[in-house]
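Biologist: Please show me the structure. I would like to go through it with you in short questions.

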Amino acid sequence: MAVCVAVIGKDNSPLYIGGIGNDTSTDNELSRQWLVHTALDALEERLATTNANNATASANAARTDLRDLYLGLLYSTDTHKIYGYVTNTKIKLVLVTSSTSPSGSNIRDAEVRTALRRLHALYADAICNPFHLPGDQIISQKFDKQVKSLMLNNV
Amino acid sequence: MADDIVFELLHSEIINYALEPKNTNGSKEVDLSVVEYIGFAAGYKIMERLTREWPRFKDELDTMKFICTDFWTCIYKKQIDNLRTNHQGVYVLQDNAFRFLTNFSNGHQYLEYAPRYVAYTCGLIRGGLANLCINSIVTAEVQSMPSCKFHIHVQRT
């Protein structure tokens, strides 16, 4: 399903960027970094509007949705769709799907949400590794393997 | 419950270890910063897990309420009894029966040793808040034995 997922730290430094696929344009590190970083502005914008809406304390039903960790589709290009998720601890999870491949064009929102929630669970497990220092890149091979299977598994 | 007692015994052994003469450089001053740091690391890690199913926090007070209810319930199987704040970054959390102190005789008999048993929890709170991007200084105050007050000063830059 996904061609690339990324974990971005509190200070917008990449903690983990992983990608799969035979699509050569996303197979190399540089284009992955570029794809993920284009989404960060959209992501912060989304968060800023969320906070502004909460400040006005509008008692509408949408408010509970705004507090959801999953932010939905952030950005879409001709070739890719980028989805975002921000945890309470300000860790940003970004998932990139290909919009050109037949399987990628009809991805449902619920599938992406599930995938990002699972990625969050994997991240929480990786953080609990005593050898991992907060703010460092995630170099755990176990995490890498689990994320790769998450990407291949169609959620 | 078995897992509770394991945590309690390990905690008191960590304190005994930290107070061994070789770790305190021979000075009379007891050095609890190691214990506080262990708490910090644990708090930092546990926070990622606890907030996983939680909607985004509205503001700082919302975060403190989370510390008082869910965070405390997860670690000490009870909630904080009283939360007070001056709305300027100072929060006081009061626990009337703090678990690490309930095994001692109530009153003033062991009062001078009480600070050792709250250092870990201070670190735990500080680490949890640090992961939620709130930098703070946490101190504890024990006046009569099983009850304990934690003062949280949020550092604003």
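Modeller: One definition comes ahead of the questions. Helices are DSSP runs of at least four residues, and they are numbered from the N terminus. Keep in mind that this is a predicted model.

Biologist: Is Lys148(A) buried, partly exposed or exposed?
Modeller: Buried means under 20% relative accessible area, and exposed means over 50%. Lys148(A) has 26% relative accessibility.

Biologist: Which residue of chain B meets Asp125(A) in a salt bridge?
Modeller: Side chains of opposite charge can pair when their charged atoms come close. Here the N to O distance is 2.7 Å. The partner of Asp125(A) is Arg49(B).

Biologist: How many chains does the pair of Asp125(A) and Arg49(B) join?
Modeller: Asp125(A) lies in helix H5 of chain A, residues 109-127. Arg49(B) lies in helix H2 of chain B. The pair therefore joins two chains.

Biologist: What is the relative accessibility of Arg49(B)?
Modeller: Asp125(A) is partly exposed, at 40% relative accessible area. Arg49(B) also counts as partly exposed. Its relative accessibility is 38%.

Biologist: How many residues apart in sequence are the parts tied together by Arg156(B) and Glu60(B)?
Modeller: The two residues form a salt bridge, their closest N and O atoms being 3.2 Å apart. Arg156(B) lies in the segment after strand S4 of chain B, while Glu60(B) lies in helix H3 of chain B. So the pair ties together parts whose separation in sequence is 96 residues.

Biologist: Is Glu60(B) buried or exposed?
Modeller: Arg156(B) is exposed, with a relative accessible area of 53%. Glu60(B) has a relative accessible area of 18%. The cut-off for buried is under 20%. Glu60(B) is therefore buried.

Biologist: Which helix supplies the largest share of the lining of the second largest pocket?
Modeller: This pocket has a volume of about 240 Å³. Of its 14 lining residues, those closest to the centre include Phe7(B), Ile46(B) and Cys74(B). Helices H1, H2, H3 and H4 of chain B each supply at least two lining residues. The largest share, four residues, comes from H2(B).

Biologist: How many residues of that lining are nonpolar?
Modeller: The lining has one polar residue. Five others are charged. The number of nonpolar residues is eight.

Biologist: How many strands does chain A have?
Modeller: Along the sequence, the pattern is β-β-α-α-α-β-β-β-α-α-α. The helices number six. The strands number five.

Biologist: What percentage of the residues in chain A is buried?
Modeller: Chain A has 155 residues. It exposes about 7700 Å², and carbon and sulfur atoms supply 52% of that area. The buried residues make up 45%.

Note on methods
Residues are numbered from 1 along each chain as its sequence is written. Chains are lettered from A and ligands numbered from 1 in the order in which they are written. This is a predicted model: local features need pLDDT of at least 70, side-chain atom pairs count only at pLDDT 80 or more; totals for chains, interfaces and linings use all residues. Side-chain values use heavy atoms; hydrogens and water are left out. On a 1 Å grid over the protein atoms alone, a cavity is a set of points where a 1.4 Å probe fits but cannot get out, and a pocket is an open set with protein on both sides within 12 Å along at least five of seven lines; lining residues have an atom within 4 Å of a point. Grid points are joined across faces, edges and corners, and a volume is the space filled by probe spheres set on the points. Ala, Val, Leu, Ile, Met, Phe, Trp, Tyr, Cys and Pro count as nonpolar, Asp, Glu, Lys and Arg as charged, and the others, Gly among them, as polar. A salt bridge is a side-chain nitrogen of Lys or Arg within 4 Å of a carboxyl oxygen of Asp or Glu. Buried means under 20% relative accessible area, exposed over 50%, partly exposed in between (1.4 Å probe, protein chains only). Accessible areas come from the Shrake-Rupley method with a 1.4 Å probe; for residues, only the protein chains shown count as cover.
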